Amino acid sequence: MQFEELQANIMDKLAKRLPAYLSYHNASHTAKVVAAAAEMGEAERLSEEEIILLKTAALLHDVGFMQNHENHEELSCKYAQKILPDFGFSDTQIQQVGNMILATRMPQAPHNTLAEILCDADLYYLGTDAYAEDADGLKQEMLKLGQIQTDTDWLHLQIKFLSEHKYFTSYATVHQGGGKQKNLERLLQEQQMVTQKGSHRKELVILEDAALMIVGVLFAAIALKGFLVPNHFFDGGVTGMSLLIHEIWHFNLGIALFMLNLPLIMTGYFSVGSRFAIRMAIAVALLGVALHFLPEFALTADKLLISIFGGVFLGTGVGLVMRSGTALDGIEVIALYTVKRTSFTIVEIILGINVMIFSIAAFKFGIETALYSILTYFTATRCIDYVVEGIQAYTGVTIISAKSEVIKYQLVNKMGKGITVYRGERGFLPGKFEISNDCDIIFTVITRLELRRLKNLVAEIDPQAFVFANTIKEASGGVIKRKQGH
């Protein structure tokens, strides 16, 4: 058996032919398994032939990865059957090597001492000080293959595997068992820290949502008691209905708001979710309480200021409550419920409800009041958009250019932007449809204040570049904007 020649041949092929994404099952891993197998084989006082067979199985146990990461054990066995006769191995010896390789398939199932040693050598790293480094390589590999999705998935998988794993040989149990237990304890501590961090983060989110809800309710209450109610102005949606009931029949505004929203809260429970419904009930109840204790105080008698700033305060309040994960006005719930049963869109349903409200207001209180109320409603909706989406809206920009390399460099190094590059094909012009060429399609996210700068930068590099932009409702993570230094 010509093991040295075989080893040189296989290690060279592994280094050249294994896919680059295999950050764990690579030539280095194979070398470590061969060394561990030889160490344990000598400790078990195996014969020279048995040690060579054991080292051969360790050398070949992952060669199947050169073809496919799935069923690599079977592929490794077939490769062994093909190549080993050229290095002086008999059919019986090749069969022994194949049985050892198959025993490493998860869950491991060794049937003799040689297979037990190979299985322990394959997972020898579990008890070493280099565990964290090797495990990180395996994590990156599994992420590439889609076998795990997040760091949390990986942490849970490690803990489960180390908790259930048992070495087969007494040598590995004695020499690696203690190290494996230390690595498991470290992972358990990490899990505890992650859990505590998640718990603290959850508490902070709850407090943040509660603060947004309270401030939003106060803004809405000031809008109603300081602008709209004293001047007999109206709004759209359920708030507008409540104001109509209050003005026509002098019914308590807070109670009217809560009663009209109550069936919508129940509808939201089934159509949106219990969390949304509970938070909406709390928000509407808080607004009712605020309206009960807050006296009327006309901040101005100017109708234009009333309609504009009443809408600003009301829209800001509703928007802040929406940022907390719920709603202060159930008209969207009406629309969601109705759209499933009619051919109308949500926009059409909301528009129809508001037309009815403002028509009644015009009939009862005059066309001028209705028109000012429409301005209030429009201002409120704009403020809601600003509060929910952010004043500094983000813009997604797509750039197609023959000078994409220069543009990529400038975007990253001059503007400090993160980019994503798609592989595309450009050309297909009228009269020249058959002519096309490969190109990079660049996508980046910027603030709308940076849009002019980006267009100027691209125009300087390539005046013929095709650039188009679209508004992004919300963006987080990545390199969106640089932190300002202080």
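**Exercise 1.** How many salt bridges does the count come to?

*Solution.* This is a predicted model, where local features need pLDDT of at least 70, side-chain atom pairs count only at pLDDT 80 or more, and totals for chains, interfaces and linings use all residues. Residues are numbered from 1 along each chain as its sequence is written, and side-chain values use heavy atoms, with hydrogens and water left out. Apply the rule: a side-chain nitrogen of Lys or Arg within 4 Å of a carboxyl oxygen of Asp or Glu. The count comes to 15 salt bridges.

**Exercise 2.** Locate the salt bridge of lysine 139 and aspartate 151.

*Solution.* Take the distance: 3.4 Å, N to O. Then place the partners: lysine 139 is in helix 7 (residues 131-145), aspartate 151 in helix 8 (residues 151-164), 12 residues apart. Helices here are DSSP runs of H or I, at least four residues; strands are runs of E, at least two; both are numbered from the N terminus. Lysine 139 has 13% relative accessibility, so it counts as buried (under 20% relative accessible area; exposed is over 50%, partly exposed in between; 1.4 Å probe, protein chains only).

**Exercise 3.** Which residues are linked with Asp440 in a network of salt bridges?

*Solution.* The network links Glu405, Lys408, Arg423 and Asp440. Step one: lysine 408 meets aspartate 440 at 3.0 Å, N to O. Lysine 408 lies in helix 17 (residues 404-413) and aspartate 440 in strand 3 (residues 432-447), so the pair ties together parts 32 residues apart in sequence. Step two: arginine 423 meets aspartate 440 at 2.3 Å, N to O. Arginine 423 is in strand 2 (residues 419-429), 17 residues from aspartate 440 in strand 3. Lysine 408 is buried at 13%, and aspartate 440 is buried at 10%. Arginine 423 is exposed at 67%.
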